[in-house]
Amino acid sequence: MEDSNGFRIVSLRVPVEDKFLATIAPDLGAIQLNLMQRYTSGPRRGVLYTTNNIQYETTRRIVARNRSLQPAMLWIDSPVDVVSRLDSAYVGPNGTVDDVRPVLAVFNARPSQ
């Protein structure tokens, strides 16, 4: 954000594990994060996702536990499945940084929520 002294950047680190996912957005049902890495060649370990002519493969799934979709408010309140792309920065064990690495968030919800 910008203020009178220039730009301020807020950085927050939170371990994103199944227990953390279970605590967010109670109006959503199941939540799953698919962590990706660049796919170069060879046998695939997961689903391929292409963006900006770069292929990524799923390397890890984080699934929220004990989540269920809330009951329908009306007969027309059917579940909606959603896939949303989030961009993340990845710091490898050796300190190398991948500035933009996609994370696919998969969840379901009801239109009334």
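Which residues make a nonpolar surface patch of about 350 Å²? The legends below, which refer to a predicted model, begin with this patch.

**Figure 1. Nonpolar surface patch made by L12, V14, F20 and I24.** In soluble globular proteins, nonpolar side chains tend to be buried together.

**Figure 2. The largest nonpolar core, with 9 residues in all.** The members of the core are L21, L28, I31, L33, I62, A64, V103, A105 and A109. Two or more residues of this core are given by each of the elements β3 and β7. Strand β7 provides the largest share, with 3 residues.

**Figure 3. The open sheet of 5 strands.** The strands follow the order β4-β5-β3-β7-β6, and their pairing is antiparallel. At the edges of the sheet are β4 (48-51) and β6 (80-91), each of which pairs on one side only. From one strand to the next, the twist averages 35 degrees. In a regular strand the side chains alternate between the two faces of the sheet.

**Figure 4. Pairing of strands β3 and β7.** Strand β3 (residues 31-38) and strand β7 (residues 97-109) run antiparallel and are joined by 5 bridges. Within this pair, L33 has A105 of β7 as its bridge partner. Both L33 and A105 also belong to the largest nonpolar core.

**Figure 5. The hairpin of β4 and β5.** A total of 4 bridges join β4 to strand β5 (residues 54-63), and the two strands run antiparallel. The bridge partner of T51 is I54, in β5. There are 2 residues between the strands of this hairpin, and N52 takes a positive phi near 50 degrees.

**Figure 6. P111 in the segment after β7.** Is P111 buried or exposed? P111 is classed as exposed because its relative accessible area is 56%, against a cut-off of over 50%. Along the chain, P111 and T51 are 60 residues apart, and their C-alpha atoms are separated by 28 Å. T51 is the residue whose bridge partner in β5 is I54, whereas P111 is found in the segment after β7.

How values were computed:
Residues numbered from 1 in each chain as written. Predicted model: local features only at pLDDT ≥ 70, side-chain atom pairs only at ≥ 80, totals over all residues. Heavy atoms only, no water. Pairing = 2+ DSSP bridges. Axes fitted to C-alpha atoms, helices over the stretch in contact; angles between N-to-C directions. Patch = residues over 30% accessible without salt bridge, like charges linked within 9 Å, V, L, I, M, F, W, Y side chains within 5 Å. Areas by Shrake-Rupley, 256 points an atom, 1.4 Å probe, with all protein chains shown as cover. Salt bridge = Lys/Arg side-chain N within 4 Å of Asp/Glu carboxyl O. Core = buried A, V, L, I, M, F, W, Y, C linked by side-chain atoms within 4.5 Å. Buried < 20%, exposed > 50% of the residue type's maximum accessible area, 1.4 Å probe, protein only.
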